[in-house]
Number of protein chains: 2
Amino acid sequence: MQGATNAFIETMGRHFEEEGIPRIAGRLFGLLMVNEDPCSLDEMADRLQVSKGSISTNSRLLEQWGVIERVNRPGDRRDYYRIAPDMESRMLERQMEHVARLRERLRDGLDSLPAPPEGIAERFRSAIDLQDRTLELLGEALGRVRQRGAGAGGRDAY
Amino acid sequence: MQGATNAFIETMGRHFEEEGIPRIAGRLFGLLMVNEDPCSLDEMADRLQVSKGSISTNSRLLEQWGVIERVNRPGDRRDYYRIAPDMESRMLERQMEHVARLRERLRDGLDSLPAPPEGIAERFRSAIDLQDRTLELLGEALGRVRQRGAGAGGRDAY
DNA sequence: TTGTGCGTTCAGTATTGACTAAACAGACGG
DNA sequence: CCGTCTGTTTAGTCAATACTGAACGCACAA
């Protein structure tokens with residue numbers, strides 16, 4: 001049934017939107033998740049019924065995040081996109097940057113406070129500590145994902 | 001220096017905004033992070049120079065997330081807010097719900113696909129697996145945070 | 001060179017949503 | 001009861017931004 005994949009694409013659009021990411025980026029992700037073969041910009045624009053400009057912008061956004069990647073066929077000037085084989089590790093890396101940024105800002109905040117009461121200092125240290133431990137866990141997960149990904153040799157060919 | 005805490009408050013505002021959360025909620029969080037004593041709505045509105053309505057809305061948002069909590073003083077009708085003692089575990093729980101929701105949506109998507117090629121099915125299973133492992137790690141972290149938090153008996157009194 | 005087929009960019013539009021200010025509702029003390 | 005001091009809600013405004021459509025630039029082929 002075609003409706004099922006449409007429903008999934010739409011669900012991904014809403015899911016991304018909930019996270020403050022453009023809905024079209026989510027639908028794009030959904031579309032590529034269920035498509036085995038890479039898609040051209042025009043294919044995607046036609047399939048999702050949105051302008052080519054939106055597809056261009058959002059596909060480059062997802063490409064920058066490492067969620068999808070661009071591939072080319074010899075003798076074909078068009079760009080094709082597909083889910084990146086290392087999508088998962090890239091997403092973990094992105095999340096780690098996120099956590100690290102928060103930790104940094106908390107640390108700077110604590111350092112800049114002139115004479116914080118012990119309760120406040122402890123509150124900051126505890127929060128910073130949580131970010132540190134989270135970073136560790138994400139790092140471990142990343143290591144495992146990378147290791148598994150390395151085994152399943154990439155299908156570069158196209 | 002008063003400017004340091006102002007800078008931190010503003011940084012938190014921007015940080016939250018980057019995550020798609022209202023800037024005022026972030027500034028509110030920053031303000032309560034550096035304040036030892038609970039703050040009333042009017043204090044916060046005055047300190048952040050925003051309307052009372054915004055403070056009301058955003059403080060209830062943070063309260064719902066478990067990041068801050070409402071406390072009361074006997075003989076005082078006003079509500080006061082402070083950073084919740086169990087803020088960290090509540091944030092972890094929120095993150096877990098997040099991950100669980102994505103996992104659910106991916107699972108539903110895979111189940112609804114009529115006859116996915118093996119490559120697609122594997123792609124979905126791998127993504128779902130990552131969410132599962134992430135949930136496990138977050139669960140472990142949550143357990144540790146809860147255990148530590150239980151030891152440092154809450155200062156309920158106010 | 002011109003023409004064609006790409007992807008990108010950009011001005012303009014529309015929509016979302018944060019924020020304000022004022023009206024509102026409820027609890028308390030008189 | 002009435003007035004006061006709360007917090008909440010809501011209509012309205014404004015800014016941010018997702019999205020469109022068209023112009024643009026570039027590379028290749030003839």
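Student: Where is the place of A:Q49?
Tutor: A:Q49 lies in the loop between α3 (41-48) and α4 of chain A. Helices here are DSSP runs of H or I with at least four residues, strands are runs of E with at least two, and both are numbered from the N terminus. Keep in mind that this is a predicted model, where local features need pLDDT of at least 70, side-chain atom pairs count only at pLDDT 80 or more, and totals for chains, interfaces and linings use all residues. Residues are numbered from 1 along each chain as its sequence is written, while chains are lettered from A and ligands numbered from 1 in the order in which they are written.

Student: What is the phi of A:Q49?
Tutor: Its phi is positive, about 55 degrees, although A:Q49 is not a glycine.

Student: Is A:Q49 buried or exposed?
Tutor: A:Q49 is exposed, with 7 other C-beta atoms within 10 Å. A residue counts as buried with 20 or more other C-beta atoms within 10 Å of its own, exposed with 12 or fewer, and partly exposed in between, with C-beta atoms placed from the backbone.

Student: And what about B:Q49, where is that?
Tutor: B:Q49 sits in the loop between α3 and α4 of chain B. B:Q49 has a positive phi of about 60 degrees and is not a glycine.

Student: OK, new topic: the DNA. Which residues come nearest to DNA strand D?
Tutor: Of the 19 residues around DNA strand D, the nearest are A:P22, A:V50, A:G53, A:S54 and B:G53. A residue is near the strand if its C-beta atom, placed from the backbone, lies within 6 Å of it.

Student: Which element gives the largest share of that surface near DNA strand D?
Tutor: That is α4(B), with 5 residues.

Student: How do the residues of that surface divide?
Tutor: There are 4 nonpolar, 7 polar and 8 charged ones near DNA strand D. Ala, Val, Leu, Ile, Met, Phe, Trp, Tyr, Cys and Pro count as nonpolar, Asp, Glu, Lys and Arg as charged, and the others, Gly among them, as polar.

Student: Now the sheet. What order do the strands of chain B have?
Tutor: The order is β1-β3-β2 in an open sheet of 3 strands, with antiparallel pairing. Two strands pair if DSSP finds at least two bridges between them.

Student: Why is one side of β1 and β2 left without a neighbour?
Tutor: β1 (39-40) and β2 (68-71) of chain B stand at the edges and each has a single partner strand, so one side of each has no neighbour in the sheet.

Student: How many bridges join β2(B) to β3?
Tutor: 4 bridges join β2(B) to β3 (residues 80-83) of chain B.
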